[in-house]
Each structure stands twice: as structure tokens, then as C-alpha cells.
Amino acid sequence: LLSAGVDASRIYEDLSSGRHDARPGLTACLKALQPGNTLVLWKLDRLGRDLRHLVITAEALRERGIGLKVLTGAGAQIDTTT
């Protein structure tokens, strides 16, 4: 994330499994995003607990005017800002 230009103060993380409902890092991150921002993810699977949750979250970001960019893994070709 740092090498992709993300400011260290804007990096959010959760230390427990993504399968848990409580994900305070993700919640804080999504709340902090403003229209015109881009959410940069290390891997796409960090965003959603399952495919349904991932699609719903990605659509909510689009509706808010927030870009999505994935750096590595199977979703690395995703960059909605281009």
C-alpha cells in the first residue's frame, strides 16, 4: 500500500478473520471515504466476507463516487478509476 502511494495515516486494518461480522477497521475506512477518493486494496478478498458482500460493498462505493483499485491477487486488474 505504501509503495502504491497510500499515506500511512490512511491505512486501515482488522486483525481478526474477515469471516467475523465485526470489522472495525473496514467500517472506519468506509466511513472516512469521500466522493472522489479511491479505496486501494492489497487483495480483493480483504473487502468482502463472501462474493455477495463484496459485490454489495463495491456497488455502494460506486454509488458514492468512490473508486476501487486492487493491487495484487486475482482482482489485480480491477481499477475503476481508469
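Mentor: Begin with burial, where buried means under 20% relative accessible area, exposed over 50%, and partly exposed in between, with a 1.4 Å probe and protein chains only. Of the chain's 82 residues, 26% count as buried. This is a predicted model, in which local features need pLDDT of at least 70, side-chain atom pairs count only at pLDDT 80 or more, and totals for chains, interfaces and linings use all residues. Residues are numbered from 1 along each chain as its sequence is written, and side-chain values use heavy atoms, with hydrogens and water left out.

Trainee: Which pattern does the chain follow along the sequence?

Mentor: Helices (H or I, at least four residues) and strands (E, at least two) are DSSP runs, numbered from the N terminus. The chain has two helices and two strands. Read along the sequence, their pattern is α-β-α-β.

Trainee: Why does the chain count as being as compact as a globular protein of that length?

Mentor: The radius of gyration is taken over C-alpha atoms, and the globule rule is 2.2 Å times the number of residues to the power 0.38. For 82 residues the rule gives 12 Å, and the chain is as compact as a globular protein of that length because its radius of gyration is close to that, at 12 Å.

Trainee: Which residues does Leu68 contact, leaving aside neighbours within four places in sequence?

Mentor: Contact means heavy atoms within 4.5 Å. With those neighbours left aside, the partners of Leu68 are Thr38, Leu39, Leu41, Leu47, Ala58, Leu61, Ile78, Asp79, Thr80 and Thr81.

Trainee: How far apart in space are Leu1 and Leu71, C-alpha to C-alpha?

Mentor: Leu1 is found in the segment before H1, and counts as partly exposed because its relative accessibility is 31%. Leaving aside neighbours within four places, its contacts include Val40, Trp42 and Leu71. Leu1 and Leu71 are 70 residues apart in sequence, and their C-alpha atoms are separated in space by 8.0 Å.
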